[in-house]
Amino acid sequence: MDRISWNQYFMAQSHLLALRSTCTRLAVGATIVRDKRIIAGGYNGSIAGGEHCIDDGCYVIDNHCVRTIHAEMNAILQCAKFGVPTSDAEIYVTHFPCLQCCKAIIQAGIKTVYYAQDYKNHPYGIVLFEKAGVNTVQVEAERVSFDDSKQEKLEFIESLIDELEKNGKHEDQVKSYKETKDKLFQN
Ligand SMILES: [Zn+2]
Ligand SMILES: [Zn+2]
């Protein structure tokens, strides 16, 4: 069994948090880490007790949904609420932070931003990160599988492909099935 890296583990946490998002426009997750420990997490959603975009629709002004607090802000504010220092911490985000979040990340003393995908990366945000000495690292998001019957499924599909091969199915067709199988079951 392959052991997942710290980067994959923390990024997976952010992807999991993104599933809690209540905004229909974009689902973002953020995890703040210090000394390889998760100290806070957030997703983009309404303030506690507020209406949710998924129920009432987004509140859009100038093409932005203003109802939600961004994932990074929520994670930083969780630290503020419970008195947890963010100085020299790292943050894992599913999307490159917006300009406002870039500033908040710098001001919170966070030193490294790991992000899974580019998202309208603001040039001024990038300049501010450079000036503040904040590193940005793109982390390839690998799919973390929790499929307990993966091996059984793989063996079943392989037996079906063998059967097709024995029954004289066209070689190219069998090859393409095998490629699809490899793609689906790669780690
Ligand atoms: Zn929204
Ligand atoms: Zn933001």
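Reply: Two strands pair if DSSP finds at least two bridges between them. Helices (H or I, at least four residues) and strands (E, at least two) are DSSP runs, numbered from the N terminus. In this structure, β1 and β5 pair in the antiparallel sense over four bridges, and A30 stands opposite V93 in β5. This is a predicted model, in which local features need pLDDT of at least 70 and side-chain atom pairs count only at pLDDT 80 or more, while totals for chains, interfaces and linings use all residues. Residues are numbered from 1 along each chain as its sequence is written, and chains are lettered from A and ligands numbered from 1 in the order in which they are written.

Me: In which sense do β1 and β2 run, and how many bridges join them?

Reply: Strands of a sheet pair through backbone hydrogen bonds, either parallel or antiparallel. Here β1 and β2 run antiparallel and are joined by six bridges. Among the partners in β2, A40 goes with I32 and R37 with R34. The two strands form a hairpin with two residues between them. D35, in the turn, has a positive phi of about 50°.

Me: Is D35 buried or exposed?

Reply: A residue is buried if 20 or more other C-beta atoms lie within 10 Å of its own, exposed if 12 or fewer, and partly exposed in between, with C-beta atoms placed from the backbone. D35 has 8 C-beta neighbours inside 10 Å, so D35 counts as exposed. D35 lies in the loop between β1 (29–34) and β2 (37–43). By contrast, β1 is mostly covered, with five of its six residues buried. D35 and E90 are 55 residues apart in sequence, and their C-alpha atoms are 8.8 Å apart in space.

Me: What is the strand order of the open sheet?

Reply: The five strands have the order β2-β1-β5-β6-β7, with mixed pairing. The edge strands, β2 and β7 (135–138), each pair on one side only. From one strand to the next, the twist averages 20°. Strand β6 (residues 112–117) and β7 run parallel, joined by four bridges; Y115 has Q138 in β7 as its bridge partner.

Me: How do I read two packed helices?

Reply: Two packed helices are described by the angle between their axes and the distance between the axes. Axes are lines fitted to C-alpha atoms, for helices over the stretch in contact, and angles run from 0 to 180 degrees between N-to-C directions. Helix α4 (residues 99–107) and helix α5 (residues 123–132) pack at about 10°, with their axes 9 Å apart. That makes α4 roughly parallel to α5. Angles under 35 degrees count as roughly parallel, over 145 as roughly antiparallel, 65 to 115 as roughly perpendicular and the rest as oblique.

Me: At what angle do the axes of α6 and α7 cross?

Reply: The axes of helix α6 (residues 150–166) and helix α7 (residues 171–185) cross at roughly 175° and come within 10 Å. The two helices are therefore roughly antiparallel to each other. Residues are in contact if their C-beta atoms, placed from the backbone, lie within 7 Å. On this basis L154, I157, E158, I161, L164 and E165 in α6 meet V174, Y177, K178, K181 and F185 in α7.

Terms used: Contact = placed C-beta atoms within 7 Å.
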